[in-house]
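Please find below a note on the model under review.

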Amino acid sequence: MDSPPALLATLWGSAEKRAGHTALRHGDFSMSYAELRAAVMDRMAAFTAAGLVAGDAVLVLFKPSIGAVVDYWALHGAGAVIVVGDPAATKADWDLCIARTGAGFFLTADGLVPTDAQKKTLPPDCAVVFFSSGTTGVPKAIMHSRGTIRALHETLLTTWRLTPDDVVLGGLPFHTIYGLAFNAGSAIYAGATLVLMDRFHPGEALRRIEKDRVTTAAFVPAMLIMILNYDGRETFDCSSLRTLYSASAPISEINITRFSEFSGASVICNYGMTEIPGAAVEVAGDPHAVGASGKVSPGFQLSIRGADGASLPVGEVGEIAMRGPSQMLGYLDAPDLTAERVRGGWIYSQDQGRLDADGNVYVLGRMSEMIIRGGLNISPLEIEGALSRHPGVADVAVIGPEDPVLGQIVSAFVVAKSAAPGLDAALREHCEDCLSPPKIPAEFLMTDDIPRNAAGKIDRRALLARRAAQV
């Protein structure tokens with residue numbers, strides 16, 4: 001056959017150089033790189049036979065599986081535009097994805113099924129469309145090329161230091177860029193072994209780490225917290241782990257320390273967005289900068305901007321702007337939004353943060369989520385970090401409900417490690433020792449769980465609704 005697209009060239013190379021090396025493992029079933037290449041070629045031929053031509057958009061509803069990995073790479077090989085939908089969404093959501101992208105096919109377990117969608121003209125180099133979590137409104141359709149996806153993989157080979165000798169745990173959902181491209185895609189691109197889980201469960205993750213000798217994985221902070229709170233975690237052998245990767249949401253320093261002490265693995269942090277993944281990645285093996293969410297990756301630039309768009313000096317707080325090789329093509333059918341978010345080649349993140357002289361980025365939170373109490377801007381992340389250091393706290397989230405006098409107040413939802421009378425008083429005393437008075441929560445609301453979206457980010461709108469019903 002003809003030479004594979006550049007994105008698939010390393011997969012073909014792995015199949016030639018290490019044909020018998022395990023590419024995928026799901027439960028007790030394994031697939032070598034030679035078998036993976038053969039399966040990808042078979043699926044490419046099947047897609048062509050079903051009428052797919054390069055540039056056609058295909059809606060996929062991937063769940064973590066060997067078949068999903070094969071189909072993902074085969075669609076790239078066939079030159080399709082992969083429209084990544086959420087398998088847990090409703091049919092109305094899927095129909096909207098098809099209509100918005102003009103997807104001519106819907107990929108099912110039986111193969112490609114034609115749709116009646118009116119074909120749309122996408123950018124000629126568009127290869128993947130991811131949808132944002134929609135926590136601020138209608139999900140944004142974010143377009144990437146095979147070149148930007150390949151740039152992400154190359155960045156992670158450098159920063160995450162992935163090699164063919166790594167065994168990567170795939171515990172993230174496949175409808176996010178973090179799970180599909182960042183973690184699973186980069187593992188295959190590196191020629192490593194990818195160990196798949198149907199869905200994340202702390203006990204099953206620990207079993208896979210022990211049985212498959214997992215060396216590294218990309219998690220969201222909630223996954224690390226679930227493992228730290230899992231009874232019997234000490235009985236598992238985690239000695240194979242070298243690095244755990246944390247991204248998509250902030251993680252507290254206390255949980256970084258607790259996980260490293262438990263597992264023996266270092267925790268490295270990443271800051272980026274679906275619009276520009278991998279922009280700031282701490283290098284595996286290098287010391288973690290306390291409080292940092294990542295370090296500017298090779299080939300990328302970060303800048304802190306003031307309200308007027310001007311660059312601010314090192315250490316100043318402002319909006320984080322980024323640019324680099326994994327940068328999106330733009331938002332589908334939203335030129336005004338693209339122009340608003342991408343200015344002068346820089347993607348404006350709508351996150352507040354600061355940068356130090358060494359390139360470490362410190363994220364203070366979404367600008368829209370800042371709590372304004374009596375005219376003072378308060379970062380929920382700062383308060384969450386302070387509360388997470390209390391030994392009685394298993395998980396925490398902070399919101400800013402409206403107040404007729406102060407505008408907003410600080411409200412903390414707390415998941416306790418165990419039932420303890422007087423915990424709220426102890427938490428207030430703890431906060432008095434590490435926070436200024438305006439930042440101390442006005443209320444501590446005990447809860448069994450903190451709602452999060454598929455990317456692991458706190459659903460603060462759900463918490464505001466929960467608080468309204470509870471208070």
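This is a predicted model: local features need pLDDT of at least 70, side-chain atom pairs count only at pLDDT 80 or more; totals for chains, interfaces and linings use all residues.

1. Helix H1, spanning residues 6-17, packs with helix H3, residues 66-77, at an angle of about 125 degrees, the two axes being 9 Å apart.

2. The crossing of H1 with H3 is left-handed. On the H1 side the contact is formed by Leu 7, Leu 8 and Leu 11, and on the H3 side by Trp 73, His 76 and Gly 77. By class, the residues of this contact comprise four nonpolar and two polar, with no charged residue.

3. Seven strands form an open sheet with mixed pairing, in the order E6-E5-E3-E4-E7-E8-E18. Strands E6 (111-114) and E18 (330-331) are at the edges; each has a single partner strand, so one side of each lacks a neighbour in the sheet.

4. Within this sheet, strand E3 (residues 57-60) pairs with strand E4 (residues 81-84) in the parallel sense, over four bridges. Val 58 has Ile 82 of E4 as its bridge partner. H3 packs on the sheet and touches E3, E4, E5 (105-108) and E7 (126-131), its direction making about 145 degrees with that of E4.

5. A further helix, H5 (residues 146-159), lies across E7 and strand E8 (141-145). The direction of H5 runs at about 80 degrees to E8.

Technical notes. Residues are numbered from 1 along each chain as its sequence is written. Side-chain values use heavy atoms; hydrogens and water are left out. Axes are lines fitted to C-alpha atoms, for helices over the stretch in contact, and angles run from 0 to 180 degrees between N-to-C directions. Helices (H or I, at least four residues) and strands (E, at least two) are DSSP runs, numbered from the N terminus. A crossing is left-handed if the near helix is turned anticlockwise from the far one by less than a right angle, and right-handed if clockwise. Contact means heavy atoms within 4.5 Å. Ala, Val, Leu, Ile, Met, Phe, Trp, Tyr, Cys and Pro count as nonpolar, Asp, Glu, Lys and Arg as charged, and the others, Gly among them, as polar. Two strands pair if DSSP finds at least two bridges between them.
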